[in-house]
Amino acid sequence: MDGQPPAPGLQLPEDSAAAEREPRRIPEADLGAVWSWEDAGRVVSMTKLAQWLWGLALLGSTWAALTMGALGLELPSSFREVLWPLPAYLLVSAGCYALGTVGYRVATFHDCEDAARELQSQIQEARADLTRRGLRF
């Protein structure tokens, strides 16, 4: 393998002679990869973070091109008035969505009463065992 480490998503076999010949594939779930493809014999995986960064870069460059006039388009002034504060509006909207999602999940959180009873019984068993061994609470 010409001295280079294996690509992400690939793992070398255990025995060293086979390690030089052929890498084996690790499932995407282990890498947190969402998209993967093969490029010149290497498996390339894109994580969720990379997807978000690419999306933000695409939106940001589109916004910059439209607001700075890089495309040579003459947008009406009403469009430009909406375009300039658009990133701030999107940021506030994303924050409101995140806050609403957290609030909803907290409001609909289910108590695990069976697990709580099991945990309490395990605590009582542990206390009894420690008391039997001489520990005082």
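On a 1 Å grid over the protein atoms alone, a pocket is an open set of points where a 1.4 Å probe fits, with protein on both sides within 12 Å along at least five of seven lines, and its lining residues have an atom within 4 Å of a point. This is a predicted model, in which local features need pLDDT of at least 70, side-chain atom pairs count only at pLDDT 80 or more, and totals for chains, interfaces and linings use all residues. Residues are numbered from 1 along each chain as its sequence is written, and side-chain values use heavy atoms, with hydrogens and water left out.

The largest pocket is lined by 13 residues, and Leu56, Leu59, Gly60, Pro87 and Leu90 are those that lie nearest its centre. Two helices (DSSP runs of H or I with at least four residues, numbered from the N terminus) each supply at least two residues of this lining, namely H3 and H5, and the largest share, seven residues, comes from H3.

| Helix | Residues |
|---|---|
| H3 | 48-68 |
| H5 | 86-107 |
| H6 | 113-132 |

Helix H6 has 20 residues and reaches 29 Å from its first C-alpha to its last, close to the 28 Å expected, where the expected span is 1.5 Å times one less than the number of residues. After H6 comes Gly134, whose phi is positive, near 110°.

The structure holds three salt bridges, each a side-chain nitrogen of Lys or Arg within 4 Å of a carboxyl oxygen of Asp or Glu. One of them joins Arg117 to Asp114, with the closest N and O atoms 2.4 Å apart; both residues lie in H6, three residues apart, about one turn of the helix.
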